[in-house]
Amino acid sequence: MEGKKTIRWGIMGPGGISEGFAKDLAHAQGAELAAVAGRDPDKTAAFAGKFGIAKTHGSIEELAADPEVDIVYIGTVHPVHKEHALAALAAGKPVLCEKPLAMNAAEAREIAGLAESKGVFVMEAMWTRFLPAIRQARRWLDEGAIGEVRLLKAEFGFDAGWNPDGRLLNKDLGGGTLLDAGIYPVSFASFVFGEQPERIESVARIGETGVDEQFSLLLGYGDGRAASLHGSIRLEMENDAWIYGTKGRIRIPGFLWSRGAELRVKGEEPVVFEDGRVCNGYAFEAEEAMDALREGRTSSEIMPIAESVRILETMDRIRAQWGLTY
């Protein structure tokens with residue numbers, strides 16, 4: 001659609017995830033990269049040069065005060081998400097914040113509360129929800145194509161190697177599987193069932209650095225409905241998702257970044273969906289945020305801020321079983 005109002009983005013944190021987001025913005029209609037902020041001037045300048053960004057800032061406060069920035073993308077490490085989101089929202093700037101929205105539900109409630117009081121848009125950057133394959137799976141579910149959903153199986157695991165000082169294994173930097181990798185299957189379960197679990201059974205391996213290196217979850221939703229979820233930062237996994245219903249099943253290979261989905265209904269030929277996109281997929285969440293700004297919405301229907309809070313409440317319940325707090 002032509003004629004969409006240009007939305008000017010400011011990026012907080014010139015790291016790896018921000019690079020992926022910045023590259024994808026080239027595929028988001030009506031998006032413009034206006035500014036980037038970071039603590040390291042050289043790194044921030046290099047990021048700006050790489051993406052042709054005209055302005056650099058040294059702090060979130062400077063970025064949020066920039067009149068040429070319409071929305072702030074926060075791509076910093078987990079423990080400072082709350083600080084950066086609150087600073088941007090306090091200045092009246094809409095926010096798209098990388099997952100997890102915060103370290104725990106209490107922090108997330110602070111962010112949601114300030115956004116509501118200010119009447120400003122905020123959304124967790126759960127990019128998976130906006131992928132065409134995932135949205136197609138949602139349509140199949142809403143149409144009742146596989147009947148009543150009874151079981152979800154999903155996992156996300158990779159071997160990050162042994163680096164106790166690196167972010168993933170460092171508790172002070174928000175390390176651990178659940179916050180970094182596990183949030184994907186946990187959020188996907190919320191997406192599929194539309195509610196948080198009544199019952200949680202879990203097993204986790206807490207490594208020598210004090211973070212969860214691996215977990216398995218069984219979430220119960222009443223009437224026998226369940227989600228079997230797994231995650232790791234020390235094990236390579238298939239990373240597929242399966243949704244089983246009373247009439248059939250949906251398979252989403254590599255569900256975090258999937259480019260396709262398969263529907264199998266009893267007695268019918270399989271239906272295969274492929275999206276054929278040219279970007280990684282961050283562009284879709286950016287387009288949702290920009291459309292919200294253009295339409296005057298303060299939350300996304302696909303990834304509502306209230307649901308992000310509830311998901312972190314579930315994750316708090318999970319970690320409480322392990323005796324792991326942040």
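These legends accompany several close-up views of a predicted model.

Before you start, a word on conventions: local features need pLDDT of at least 70, side-chain atom pairs count only at pLDDT 80 or more, and totals for chains, interfaces and linings use all residues. Residues are numbered from 1 along each chain as its sequence is written, and side-chain values use heavy atoms, with hydrogens and water left out.

**View 1. The open sheet of eight strands.** The strand order is β8-β9-β10-β7-β11-β12-β13-β14, with mixed pairing; strands (E, at least two residues) and helices (H or I, at least four) are DSSP runs numbered from the N terminus, and two strands pair if DSSP finds at least two bridges between them. β8 (199–206) and β14 stand at the edges with a single partner strand each, so one side of each has no neighbour in the sheet. From one strand to the next, the twist averages 10°. Elsewhere in the sheet, strand β7 (residues 149–157) and strand β11 (residues 241–245) run antiparallel and are joined by five bridges. Look for alanine 154, which stands opposite alanine 241 in β11.

**View 2. Strand β13 and its two partners.** Five of the six residues of β13 (residues 260–265) are buried, where buried means under 20% relative accessible area, exposed over 50% and partly exposed in between, using a 1.4 Å probe and protein chains only. Strand β12 (residues 248–252) runs antiparallel to β13, with four bridges joining them; here glycine 248 has valine 265 of β13 as its bridge partner. Four bridges also join β13 to strand β14 (residues 271–274), again antiparallel, and glycine 260 stands opposite glutamate 274 in β14. The hairpin of β13 and β14 has five residues between the strands, and glycine 267 in this hairpin takes a positive phi near 80°.

**View 3. Helices α4 and α5 side by side.** Helix α4 (residues 81–90) packs with helix α5 (residues 105–118) at an angle of about 5°, their axes 10 Å apart. Axes are lines fitted to C-alpha atoms, for helices over the stretch in contact, and angles run from 0 to 180 degrees between N-to-C directions. The two helices are therefore roughly parallel, a label for angles under 35 degrees. On the α4 side the contact (heavy atoms within 4.5 Å) is made by Lys82, Ala85, Leu86, Leu89 and Ala90, and on the α5 side by Glu107, Glu110, Ile111, Leu114, Ala115 and Lys118.

**View 4. Helices α6 and α7.** The axes of α6 (residues 132–142) and α7 come within 10 Å and cross at roughly 35°. From α6, Ile134, Arg138 and Leu141 meet Phe188, Phe191 and Val192 of α7.

**View 5. The largest nonpolar core.** Such a core is a set of buried Ala, Val, Leu, Ile, Met, Phe, Trp, Tyr and Cys residues joined through side-chain atoms within 4.5 Å. Among its 104 residues, Trp9, Leu152, Phe188, Ile243 and Ile252 touch the most other members. Helix α7 (residues 177–193) supplies the largest share, 11 residues.

**View 6. Alanine 160 in its loop.** Alanine 160 sits in the loop between β7 and α7 and is partly exposed, with a relative accessible area of 37%. Leaving aside neighbours within four places in sequence, alanine 160 is in contact with Leu168 and Ile233. Its C-alpha atom is separated by 9.9 Å from that of glutamate 213, 53 residues apart along the chain.

Technical notes
Angles under 35 degrees count as roughly parallel, over 145 as roughly antiparallel, 65 to 115 as roughly perpendicular and the rest as oblique.
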